[in-house]
Amino acid sequence: MPAVVPYLLRLTADPSIPRRSELFGLMLVAAALSAPTDPDNAWDLAVSGPEKDHPERALCRAAFVADAAWVRRLLADDELLVSLHPDKGERASLVQAAGL
């Protein structure tokens, strides 16, 4: 996923791309799954596993941070947001992944 995040962000930002709301949904899922695991939270560890076992999460976050300008662009795209209706938690995951 870290290798395709930049490409998918750019595709999602292009209004001429069909079904881009579905791509945006994929970006929201990728952002949520890249969230770091809280080592003090037993449930979080049981569900997601420790960070050291999943280096792809940090790589994914780094990809979002490197392309934070594209994330900002998506979050400012009213047409896209209206079509998908992301909730506050989904938006927060994307903002956190991009380091915004």
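**Reading the contacts, exposure and fold of a predicted chain**

Me: Leaving aside its neighbours within four places in sequence, which residues is D67 in contact with?

Reply: D67 is in contact with P6, L9 and R10, once neighbours within four places in sequence are set aside. Contact means heavy atoms within 4.5 Å. This is a predicted model, in which local features need pLDDT of at least 70 and side-chain atom pairs count only at pLDDT 80 or more, while totals for chains, interfaces and linings use all residues. Residues are numbered from 1 along each chain as its sequence is written, and side-chain values use heavy atoms, with hydrogens and water left out.

Me: Why is D67 called buried?

Reply: The term buried means under 20% relative accessible area, exposed means over 50%, and partly exposed lies in between (1.4 Å probe, protein chains only). D67 has 9% relative accessibility and therefore counts as buried.

Me: What joins the side chains of D67 and R10?

Reply: A polar contact of 2.9 Å joins these two side chains. The term requires a pair of N or O atoms within 3.5 Å; within protein, one must be able to donate a hydrogen and the other to accept it, and residues adjacent in sequence count only if both atoms are side-chain atoms.

Me: Where is D67 found?

Reply: D67 is in the loop between α4 (55-66) and α5 (68-75). These labels follow DSSP runs numbered from the N terminus: helices are H or I of at least four residues, and strands are E of at least two.

Me: How many helices and strands does the chain have?

Reply: There are seven helices and zero strands. Read from the N terminus, the order of elements is α-α-α-α-α-α-α.

Me: What makes R57 a buried residue?

Reply: R57 has 7% relative accessibility, so R57 counts as buried. The residue lies in helix α4. Leaving aside neighbours within four places in sequence, R57 is in contact with L33, S34, A35, T37, S48, G49, P50 and E51.

Me: Why is A69 called exposed?

Reply: The relative accessible area of A69 is 52%, and A69 is therefore exposed. A69 lies in helix α5.

Me: Is A3 buried or exposed?

Reply: A3 is exposed, because its relative accessible area is 72%. A3 is found in the segment before α1. From A3 to A63 the C-alpha distance is 7.6 Å, and the two are 60 residues apart in sequence.

Me: What sets the phi of R19 apart?

Reply: Most residues other than glycine have a negative phi. R19 is not a glycine, yet its phi is positive at about 60°. R19 lies in the loop between α1 (5-13) and α2 (20-33); its relative accessible area is 60%, so R19 is exposed.

Me: What is the phi of H85?

Reply: H85, a residue other than glycine, has a positive phi near 55°. H85 is found in the loop between α6 (78-84) and α7 (88-97), and H85 is exposed because its relative accessible area is 60%.

Me: Why does D87 count as partly exposed?

Reply: D87 has 44% relative accessibility, so D87 counts as partly exposed. D87 lies in the loop between α6 and α7. A polar atom of the D87 side chain lies 3.0 Å from the backbone nitrogen of G89.

Me: How do you know that the radius of gyration agrees with a compact globule?

Reply: The radius is taken over C-alpha atoms, and the globule rule is 2.2 Å times the number of residues to the power 0.38. For 100 residues, a compact globule would have a value near 13 Å; the chain has 14 Å, which agrees. Along its principal axes the C-alpha trace spans about 40 × 25 × 20 Å.
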